[in-house]
Amino acid sequence: MKSLLDFSGDAFLAAFFLYCLAFVFYVIAISGKMWKKSDPAAHLKRWKVISFTTSTLGTIAQITYFFTRWIGGGHIPTSNMYEFMSFLSMMIMVAFTIVYLIYRTAVLGVFAVPVAIIVMAYASVFPQEVQPLIPALNSIWLKIHVTTAATGEAFFAVGFAAGLMYLLRTVDFASKTKKAVRAQRWVEITLLSVLIIIGFIASVFTFRAMGYEAVFKQTIVTVDSQQQESSKIEEVKYKLPAIVAPYDSETVKFDSFLGMSKPLFEAPSWMNGANAGRKLNTVVWAVISGLILYGLLRLIVRKSLGAAIHPAMDGIDPEDLDEISYRAIAIGFPLFTLGALIFAMIWAQIAWSRFWGWDPKEVWALITWLFYSAYLHLRLSRGWQGTKSSWLAVIGFLVVMFTLVGVNLVIAGLHSYAGV
Amino acid sequence: MFQNTKCECGHQNHVGTVLCEYCGKPLNDAEDANEPLEMRYDGVARKSQKANPSLIDKVWNFFSSVKIAVYLIITTLLGATLGTIFPQESTFINGDPSTYYEKTYGTIGKIYYTLGLSHTYTSWWFVTLLVMIGTSLVICSLDRVLPLYRALSKQQIRKHMRFLTRQKVVYQQEIALTGSAEEWVAQAVKPLRRRHYRVHTDGSALLAEKYRFSRWGPYINHIGLIIFLLAVLARGIPGWYMDQYIAFPEGEVKRIPDTNYYLKNEKFTVKYYKDSELPKEMQGENRLIAELYETNAVLYECVEQCDDPSKKPVLKEVTRHNIEVNKPLDYNGFMAYQTDYDPTLRLRSVKPEFRNKETGEVYGEFQLEMRDSALSYDVGPYHLELKEKYLDFGLNEEGQPVTKSQEPNAPAFLFLITGPDLAKEGELYFYFPLQIDKERFDQEALNAKLSGDFAKKFEIKVNGMKNVGLSTTSFLTIRVDSAMPFIWVGAAISMLGLVMGFYWNHRRIWLRFDGKQLTLGGHTNKNWYGMRSDVANLLKQMNIEVDAKSLDNGGENR
């Protein structure tokens with residue numbers, strides 16, 4: 001079975017590179033008019049076929065990865081963060097393919113495919129080995145709940161991509177009015193957030209390739225039910241250079257990095273959860289590398305990133321983008337309700353004896369649902385189309401990502417098996 | 001204020017009507033207005049649009065507003081986030097919440113607790129918000145669905161010209177008719193039917209409509225949500241809801257409090273992953289990761305002598321089930337879930353012998369259960385009577401023996417022994433089955449004090465581990481939740497409504513001829529892209545080439 005898992009890993013890599021290639025092709029497809037070709041329409045038609053074929057091949061490769069890993073691992077690969085995130089990226093591509101087949105706009109590929117690529121790269125940060133299932137996860141409802149919820153979320157991701165495109169298309173980057181400047185700034189912050197995620201992935205892979213390691217010993221004091229304090233010493237391993245050491249810890253091993261031979265700070269005392277120091281250090285690194293990436297890009301384009309992308313969106317009907325964003329969310333909403341709430345409730349009822357327990361993950365799924373319900377109700381009101389609704393689509397996907405990643409990173413709960 | 005609600009077509013409309021219910025003429029707009037019409041609820045008057053509202057009307061109007069509904073949703077959403085900042089009280093079984101938050105999180109924790117956020121989801125304001133959302137669901141739906149139903153069930157085929165030209169999808173053109181307008185209209189029926197439209201014609205006018213049922217989707221969804229919320233509230237009905245967390249040591253029958261049921265943990269097994277089955281980075285760390293744990297449970301119902309503590313209840317087995325995580329026992333809605341386990345072995349029973357210390361003669365053995373111990377034992381010629389039992393032996397401040405808990409942590413038994421060569425009234429003897437307790441509480445000294453020489457000559461002692469019964473403990477959640485069927489029905493109805501509302505759209509195409517001039521209007525509740533493509537397709541079938549996008553008459557894309 002080992003060889004099957006290896007093959008599965010190869011298919012995953014193939015999918016990744018095909019997506020990257022597809023992204024480049026989609027960019028070529030829509031930027032044809034800038035090359036002053038004699039026949040832009042023919043150029044677009046030709047490259048649309050090429051890029052869509054490539055992205056579809058990538059999707060097929062990832063579906064192959066998914067099923068071979070399922071057979072090889074003996075259970076559906078959605079039980080840890082690596083497996084879940086790669087499944088999510090696969091469903092984003094499936095959702096993209098469906099929406100593309102309805103609207104046939106190449107420009108959607110320029111934004112939706114990178115979202116899938118980033119989610120997929122993010123998945124690769126986590127340990128890839130097939131892990132043993134704990135009894136609670138050994139249920140048919142796990143498969144149904146997780147896959148349906150991820151499908152709904154994938155459509156929200158497409159809605160996010162289209163919403164962001166709408167903003168990049170319609171925000172007036174030349175204007176100096178207060179309203180325009182505010183819109184420009186928020187678009188820039190959104191792009192920066194995406195870069196921070198890319199920065200996180202990049203720094204993890206860089207230091208992994210360098211084999212970096214630092215080890216700390218941390219004394220963890222816990223108070224048990226009889227109000228007795230007990231302490232135990234835990235070893236915390238860092239794979240990124242420790243800017244922030246765990247609270248109340250001593251250094252065991254520290255590979256030096258750029259002349260830095262000891263941590264610069266210690267985590268505050270209230271960050272005393274499991275691996276809280278390491279998580280904080282990871283966040284610090286993500287922000288630093290994101291800012292470096294942003295700075296580099298600014299140096300290259302010499303204007304705000306939004307203003308740099310804006311011209312590429314010329315000639316695209318913003319109303320189409322608005323429609324695509326709304327449609328994707330409308331398709332995703334029932335799926336999300338079914339997967340993230342109803343199936344989750346059925347599983348919780350069987351596994352934990354109650355369909356709802358106000359576990360942080362459950363609450364955040366509900367928050368996501370309430371957010372998109374508000375979006376759908378607002379869409380029916382006057383004045384909530386276009387810009388406002390695109391912002392909601394962007395924020396909505398941030399809520400989704402917080403539910404999927406942030407809750408595990410910041411708040412622990414019953415779903416903590418999917419640890420970061 | 002007097003308002004003339006009679007349309008020029010002669011139809012008398014309700015107050016608040018936007019579009020004439022009969023011909024569709026916009027009633028309130030200026031004659032020269034030309035932006036697309038407000039088509040929500042087909043322009044009918046909603047129930048809340050009354051002149052001179054009374055107090056009840058005002059409450060009704062408040063809850064019937066979608067704006068209020070959105071505010072309620074957003075407030076609930078923000079309120080819910082507060083409860084995820086720190087763990088909720090309900091999630092920890094041990095510990096005192098009043099000190100826990102301050103101790104763990106400092107001042108912020110104290111504020112959190114003082115504000116009642118440690119039980120956000122049962123706080124009055126959160127429950128109030130949920131009840132208000134429920135009210136809003138009912139009133140918003142009733143306010144709209146009845147007038148909408150009325151409007152859609154009696155539609156006019158030939159609509160007012162301004163109704164058509166002010167749709168979001170419009171086409172108006174002189175047609176080079178080869179026959180009559182009626183013939184043209186008759187020909188248009190076929191391609192529309194092919195696209196699943198129901199077509200109604202009236203001379204040179206036509207109405208094509210499809211998937212009207214999708215309009216009921218939101219309301220069906222709301223009905224489902226209301227049933228769901230009511231079911232949650234119904235758990236407050238006595239007897240509808242029970243939730244208990246009980247430890248079941250292996251081999252023991254335990255009564256489930258407040259019920260007639262007894263449950264026996266016949267056997268508890270836990271299977272761990274082998275080290276070789278763990279991922280490489282976890283190997284060699286002596287990690288115990290459970291692959292499976294299960295309780296072989298037997299459920300009994302008490303049939304006689306149930307509430308008389310002096311008599312042993314008569315139990316009848318009703319069902320047996322191997323309870324695993326994800327595989328609860330279910331007996332007519334009485335559920336038992338595998339929740340946790342304690343692999344520490346606890347003493348369940350011993351089989352000690354009664355012997356003469358000086359001669360080494362063994363008079364016999366007897367079976368001593370820690371729980372449900374028999375009150376008397378015959379061992380050879382001797383008779384043992386159990387006078388006192390302490391499951392968790394200890395001495396209080398006056399030096400009197402007491403039991404500290406009902407768990408067999410340090411069991412001790414006080415026997416009165418009668419038989420040959422003993423004092424007539426018998427001899428008292430303390431027996432500690434566990435060696436550690438025997439030494440800790442000094443059994444010999446205790447017995448010497450109680451009965452002098454007797455304890456030097458006789459003893460009760462376990463001979464070998466084979467005579468010791470140990471057991472693990474399984475923790476089960478016992479639950480009855482009679483609201484569950486309603487919860488699932490509510491969820492299913494809600495889901496049905498969502499699918500109806502989101503995966504189909506209600507599309508209508510109206511057209512009329514005035515001489516040779518064709519005027520066409522199209523409306524959908526969602527997905528204008530699909531609407532335009534339907535109209536473009538119809539025109540194409542009628543040999544009119546038109547770019548789908550050009551049919552768009554502007555206005556908002558709802």
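**Close-up views of chain B**

**View 1. Strands S15 (residues 382-390) and S18 (residues 412-418) of chain B are paired in the antiparallel sense over seven bridges.** This is a predicted model, in which local features need pLDDT of at least 70 and side-chain atom pairs count only at pLDDT 80 or more, while totals for chains, interfaces and linings use all residues. Residues are numbered from 1 along each chain as its sequence is written, chains are lettered from A and ligands numbered from 1 in the order in which they are written, and side-chain values use heavy atoms, with hydrogens and water left out. Strands (E, at least two residues) and helices (H or I, at least four residues) are DSSP runs numbered from the N terminus, and two strands pair if DSSP finds at least two bridges between them. Within this pair, B:Tyr390 lies opposite B:Ala412 of S18(B), and B:Leu384 has B:Ile417 of S18(B) as its bridge partner.

**View 2. The open four-stranded sheet of chain B has the order S14-S15-S18-S19, with antiparallel pairing.** Its edge strands, S14 (376-379) and S19 (427-431) of chain B, each pair on one side only. From one strand to the next, the twist averages 30° (axes are lines fitted to C-alpha atoms, for helices over the stretch in contact, and angles run from 0 to 180 degrees between N-to-C directions). Helix H10 (residues 443-451) of chain B packs on this sheet and touches S18 and S19 of chain B, contact being heavy atoms within 4.5 Å. The direction of H10 makes about 165° with that of S19(B).

**View 3. The hairpin of S14(B) and S15(B) has two residues between its strands.** S14(B) and S15(B) run antiparallel and are joined by four bridges. B:Ser376 stands opposite B:Glu385 of S15(B). In this hairpin, B:Gly380 adopts a positive phi near 55°.

View 4. S11 (residues 353-356) of chain B runs antiparallel to S12(B), to which three bridges join it. B:Arg355 is placed opposite B:Val362 of S12(B).

**View 5. The second largest pocket lies between domain 3 (241-347 + 473-481) and domain 4 (352-461) of chain B, because both give residues to its lining.** Domain bounds come from an automatic or database domain assignment. The volume of this pocket is about 740 Å³, a volume being the space filled by probe spheres set on grid points joined across faces, edges and corners. On a 1 Å grid over the protein atoms alone, a pocket is an open set with protein on both sides within 12 Å along at least five of seven lines, a cavity is a set of points where a 1.4 Å probe fits but cannot get out, and lining residues have an atom within 4 Å of a point. The second largest pocket is lined by 25 residues, of which B:Val253, B:Lys312, B:Arg371, B:Asp372 and B:Ser373 are the closest to its centre. Strand S5 (253-255) and S15 of chain B each contribute at least two lining residues, and the largest share, three residues, comes from S5(B). By class, the lining of this pocket comprises nine nonpolar, five polar and eleven charged residues (nonpolar: Ala, Val, Leu, Ile, Met, Phe, Trp, Tyr, Cys and Pro; charged: Asp, Glu, Lys and Arg; polar: the others, Gly among them).

**View 6. The second largest cavity holds about 120 Å³ of space.** Five cavities of 30 Å³ or more are found in a search of the whole structure. Among the 13 residues that line the second largest cavity, B:Cys20, B:Glu21, B:Asp42, B:Ala151 and B:Lys159 lie nearest its centre. Its lining has six nonpolar, two polar and five charged residues.
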